[in-house]
There are 2 protein chains.
Amino acid sequence: MSGWVAVAGLGPGSAGLVTPDVAAALEEATDIVGYGPYVARVAPRENLRLHASDNRVELERAALALSLAAEGRKVVVVSSGDPGVFAMAAALFEAWENGPSPWRELDIRVLPGITAMLAASARAGAPLGHDFCAINLSDNLKPWSLIERRLRLAAEADFAMAFYNPRSKARPHGFARVLEILREVCGPERPILFARAVFTPEEDLKIVRLADARPEMADMRTMVILGSSQTRLIMRDRGPILYTPRWSE
Amino acid sequence: MSGWVAVAGLGPGSAGLVTPDVAAALEEATDIVGYGPYVARVAPRENLRLHASDNRVELERAALALSLAAEGRKVVVVSSGDPGVFAMAAALFEAWENGPSPWRELDIRVLPGITAMLAASARAGAPLGHDFCAINLSDNLKPWSLIERRLRLAAEADFAMAFYNPRSKARPHGFARVLEILREVCGPERPILFARAVFTPEEDLKIVRLADARPEMADMRTMVILGSSQTRLIMRDRGPILYTPRWSE
């Protein structure tokens, strides 16, 4: 049996941020499995089977990839960003752990990619230059109370915070509550970055004070990064720079 | 004036994880600035000036890069991993903010790379598959009390935790204290990953219970990742898989 699964990160969307390891796996693959818009990023070619699926069917998608590999196929599961950060790698291992025993010794590799928070950070300066945390704001897979608790503890720890999946049509109200809590615990002056579709032609960056942040500034293509108490915002003609110094007092 | 500075992430050490954007910047550069071992990763060529410096002189290195760019040179500042995560980007912006006013409108770009925690995570499974934090354990630039406080709050928030710079010859004792605190707040069974020199020929992964973790398992080439209360460790012949499910109860 010579099949394998590689869970590969395509990065934020530009070809210049796809690693050579990921490019090589895509070339070697017989099958591409993933959410439709990510599969669409892979160039079609003869004998390459594309298996595009809907959002929110991560476990089914993972099981498909694993069963194809068990049949001897060479399968790349595509994620945007990095597969290990709020993406397909955890779903794949969950399906694998709960799957049939012949899957146990399958050849599974995770190929890292540029995750959204690091792409957004690079475009804005270096807001994650000191200790930070990453929180998924979707409450599809965890209770809302846990999100609130983590926000308050992260603020108390004075982490910079990177927020994935801040707001979707199905969850329009949660992010407004997040901004309220952050204003309460971090104060109105704390800078917050809304980085939409970075490294694509639709890129749009906004940096505002928490007092001026509005829920509509975020959608599912937006990465939101809140500075720590030490984060600096420097204005210049070329656009502002947001960075968190390496030191803390 | 056509000079520029690009702060580029070389990733964990293998050519397959250097992005095309970073490779292109290295090709276009007239000057490479960075810590010796990272500069040594760049292939020398005619008319390319290499400026290798010691560890712990980040601000001087940043100022050199900025003044070369101000003279019209094309400068790549090389970091390992991602430049925005405990690396050169924050130092560059600090030197820039405090530098002469003609630097203000310089062309400065940050080119993201694969940071150590994501490389380590990929090799072990997906331990950062749910909410997590990243903490630099060096107390060179922050008080030790802040590190302890962040550890306790991060444990209370039930984050997985990625630890950069866990231990060095100059700081042999701090990491032992970190392990004590983690055992106290997370209990003896929590899995912890020691990932040394990942994606290089010297790669070595160890996953142990906190009860069995010893300070000597880490050095400056080791990324340490602690699971959350939800993290799963699955044994198999090919080596264990450590992953944190996407959901939380």
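The model is predicted, so local features need pLDDT of at least 70, side-chain atom pairs count only at pLDDT 80 or more, and totals for chains, interfaces and linings use all residues. Residues are numbered from 1 along each chain as its sequence is written, chains are lettered from A and ligands numbered from 1 in the order in which they are written, and side-chain values use heavy atoms, with hydrogens and water left out.

Biologist: In what order do the five strands of the open sheet in chain A stand?

Modeller: Strands are DSSP runs of E, at least two residues, and helices are runs of H or I, at least four, both numbered from the N terminus. Two strands pair if DSSP finds at least two bridges between them. In this sheet the pairing is parallel. The order is β3-β2-β4-β1-β5.

Biologist: Which strands are the edge strands of this sheet?

Modeller: An edge strand here pairs on one side only. The two are β3 (49-53) and β5 (107-111) of chain A.

Biologist: Over how many bridges do β1(A) and β5(A) pair?

Modeller: Strand β1 covers residues 4-9 of chain A. W4(A) stands opposite D107(A) in β5(A). The two strands run in the parallel sense, and the bridges number five.

Biologist: At about what angle does α4(A) run to β5(A)?

Modeller: Axes are lines fitted to C-alpha atoms, for helices over the stretch in contact (heavy atoms within 4.5 Å). Angles run from 0 to 180 degrees between N-to-C directions. α4(A) lies across β1, β4 and β5 of chain A. Its angle to β5(A) is about 165 degrees.

Biologist: Which strands of chain B does helix α4 of chain A touch?

Modeller: Chain B has an open sheet of three strands with mixed pairing, in the order β6-β13-β12. Its edge strands are β6 (125-126) and β12 (232-234). Helix α4 (residues 88-97) of chain A packs on this sheet, at about 125 degrees to β13(B). The strands touched are β6, β12 and β13.

Biologist: Is S228(A) buried or exposed?

Modeller: S228(A) lies in the loop between β11 (222-226) and β12 (232-234) of chain A. Buried means under 20% relative accessible area, exposed over 50%, and partly exposed in between (1.4 Å probe, protein chains only). The relative accessible area of S228(A) is 4%, so this residue is buried.

Biologist: Which backbone nitrogen does the side chain of S228(A) reach?

Modeller: S228(A) touches D158(A), F159(A), A160(A), R190(A) and T244(A), not counting residues up to four places away in sequence. Its side chain also reaches a backbone nitrogen at 3.0 Å. That nitrogen belongs to Q230(A).

Note on methods. A polar contact is a pair of N or O atoms within 3.5 Å; within protein, one must be able to donate a hydrogen and the other to accept it, and residues adjacent in sequence count only if both atoms are side-chain atoms.
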